[in-house]
Amino acid sequence: MLAVLIALVSGLFLLLGGGEGGSGHPPVGSPPGGSKQQTYVDEIDEARQQLFKGELVRTSTKSLHLVAGGDPLPFQAQILGSWRSDDPGETHSPTSAGAQIGVKLHCSGTQVRCTPLSSERQNVLSKKDKATWLWDVSAKKAGTVTMSVTVTAYYRDSDTVLFEASPATTHVKVAAPPGDSFAWSPRHGGGSSARSRAWAGSPYR
């Protein structure tokens, strides 16, 4: 009788212990997909290791002569897989490449507008690749505006960020329209030029 009781107790312990890993199954209540999460982490880590040093080339704000109320001026940014020599009117800085790259232009100030003319995200996967972003920049009032370019590397076509550089920020002066309205407005017969011609032909000069 004692032997039967011992056998029953031993069987009960084996049955309870099997749910905690003795049978090879995960314990009750353990989160599913643990191996998938680790695979995702490994893929992100590998994608970050594949990034390489590229170059950000953008329009120099010194050559961006904004006039209040004037026509929009083009602003360009490029991400290159390799470094190139400087050209006049450009600003160069290192950045990361080797993934899908997003470039944003943030403008702040009194009535300044930066209108994107290209896709925000483009592929720069090899050192031979090059991607270009364009904006129209305009301002309605004279003063100082701030322009910041942000470069972000994404994991494939997802929103997972592999790398994001600190914004490249510059300040741009917006000039007032030249002269007063009477001097340059076409409605007044050519302004000061018309008055000069009239004075030159006057008998009282």
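This report describes the fold, salt bridges, surface charge and some loop residues of a predicted model.

## Basis of the model

The model is predicted, so local features need pLDDT of at least 70 and side-chain atom pairs count only at pLDDT 80 or more, while totals for chains, interfaces and linings use all residues. Residues are numbered from 1 along each chain as its sequence is written, and side-chain values use heavy atoms, with hydrogens and water left out.

## Overall make-up

The protein chain holds four helices and eleven strands. Helices (H or I, at least four residues) and strands (E, at least two) are DSSP runs, numbered from the N terminus. Among contacts (heavy atoms within 4.5 Å) between residues at least 6 apart in sequence, 67% join residues at least 24 apart.

Of the 205 residues of the chain, 30% count as buried. Buried means under 20% relative accessible area, exposed means over 50%, and partly exposed lies in between (1.4 Å probe, protein chains only). The accessible surface of the chain comes to about 13600 Å², and 57% of this surface belongs to carbon and sulfur atoms. Accessible areas come from the Shrake-Rupley method with a 1.4 Å probe; for residues, only the protein chains shown count as cover.

## Salt bridges

Side chains of opposite charge can pair when their charged atoms come close. A salt bridge is a side-chain nitrogen of Lys or Arg within 4 Å of a carboxyl oxygen of Asp or Glu. By this rule there are two salt bridges. One of them joins Lys 104 and Glu 120, with the closest N and O atoms 3.8 Å apart. Lys 104 lies in strand S5 (residues 99-108) and Glu 120 in the loop between strand S6 (112-116) and strand S7 (121-124), so the pair ties together parts that are 16 residues apart in sequence. Lys 104 is partly exposed at 36% relative accessibility, and Glu 120 is partly exposed at 37%.

Asp 159 and Arg 121 also meet in a salt bridge, at 3.2 Å from N to O. This pair links distant parts of the chain, 38 residues apart: Arg 121 is in strand S7, and Asp 159 is in the loop between strand S9 (143-154) and strand S10 (161-164). Asp 159 is exposed, with 64% relative accessibility, whereas Arg 121 is partly exposed at 23%.

## A negative patch

Asp 42, Glu 43, Asp 45 and Glu 46 form a negative surface patch. Patches are made of residues with over 30% relative accessible area and no salt bridge, and like charges are joined within 9 Å. Asp and Glu count as negative, and the place of a charge is taken as CG of Asp or CD of Glu. Glu 43 belongs to helix H2 (residues 34-49) and is partly exposed at 32% relative accessibility.

## Loop residues

Most residues other than glycine have a negative phi. Gln 111 is not a glycine, yet has a positive phi of about 50°. Gln 111 sits in the loop between S5 and S6 and is partly exposed, with a relative accessible area of 41%. Arg 156 also has a positive phi of about 50° without being a glycine. Arg 156 is located in the loop between S9 and S10, and its relative accessibility of 58% makes it exposed.

Ser 166 is found in the loop between S10 and strand S11 (168-175). Ser 166 is exposed, at 65% relative accessibility. Ser 166 and Val 151 are 15 residues apart in sequence, and their C-alpha atoms are 8.0 Å apart in space.

Conventions
Patch = residues over 30% accessible without salt bridge, like charges linked within 9 Å, V, L, I, M, F, W, Y side chains within 5 Å.
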